[in-house]
Amino acid sequence: FGFRLVDPGDIDAAVAEETLAAGGRTVAVLGNGLSMIHPSSNAKLGEEIIEKRGLILSELPLDYHPTNYTFPARNRIIAALSSAVLASMICLASCCV
């Protein structure tokens with residue numbers, strides 16, 4: 001069907017890896033600036049996403065460091081890029097930190 005995975009980061013790194021291994025493309029939306037991959041253990045995955053014509057994007061300034069608030073805020077971008085959303089973890093409180 002030509003689905004693309006929009007990867008919300010750390011939790012779905014394994015899904016992004018499998019998508020790339022199967023020949024698919026993925027979009028990683030960062031909760032920090034583009035000058036770093038967070039966590040740093042995903043740096044190699046970030047390189048692979050770019051090499052395989054995927055996309056890494058952020059709305060934050062280049063050197064902006066991640067905070068507890070930047071990750072939930074980027075979820076609206078993930079939702080906007082998606083035709084469907086599967087939530088594997090949901091916080092019932094108004095603000096999850």
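The largest nonpolar core consists of eight residues: Ala-13, Ala-16, Leu-20, Ala-28, Leu-30, Leu-45, Ile-49 and Ile-56. Helices H1 and H2 (43-51) are the elements that contribute two or more residues to this core. Of the elements, H1 gives the most, with three residues. The model is predicted. In soluble globular proteins, nonpolar side chains tend to be buried together.

Helix H1 spans residues 13-21, and its buried residues are Ala-13, Ala-16, Thr-19 and Leu-20. Viewed along the axis of H1, these buried residues lie within an arc of 120° and therefore line one face of the helix. Glu-18 and Ala-21 are exposed on the other side of H1.

In H2, the buried residues are Leu-45, Gly-46 and Ile-49. Because they fall within an arc of 105° when H2 is seen down its axis, they line one face of the helix. Lys-44 and Glu-51 are exposed on the face of H2 turned away from its buried side. The buried residues of H2 pack against H1, strand E2 (26-29) and strand E3 (55-57).

Conventions: Residues are numbered from 1 along each chain as its sequence is written. This is a predicted model: local features need pLDDT of at least 70, side-chain atom pairs count only at pLDDT 80 or more; totals for chains, interfaces and linings use all residues. Side-chain values use heavy atoms; hydrogens and water are left out. Buried means under 20% relative accessible area, exposed over 50%, partly exposed in between (1.4 Å probe, protein chains only). Helices (H or I, at least four residues) and strands (E, at least two) are DSSP runs, numbered from the N terminus. The arc is that of the directions from the helix axis to the C-beta atoms. A nonpolar core is a set of buried Ala, Val, Leu, Ile, Met, Phe, Trp, Tyr and Cys residues joined through side-chain atoms within 4.5 Å. Contact means heavy atoms within 4.5 Å.
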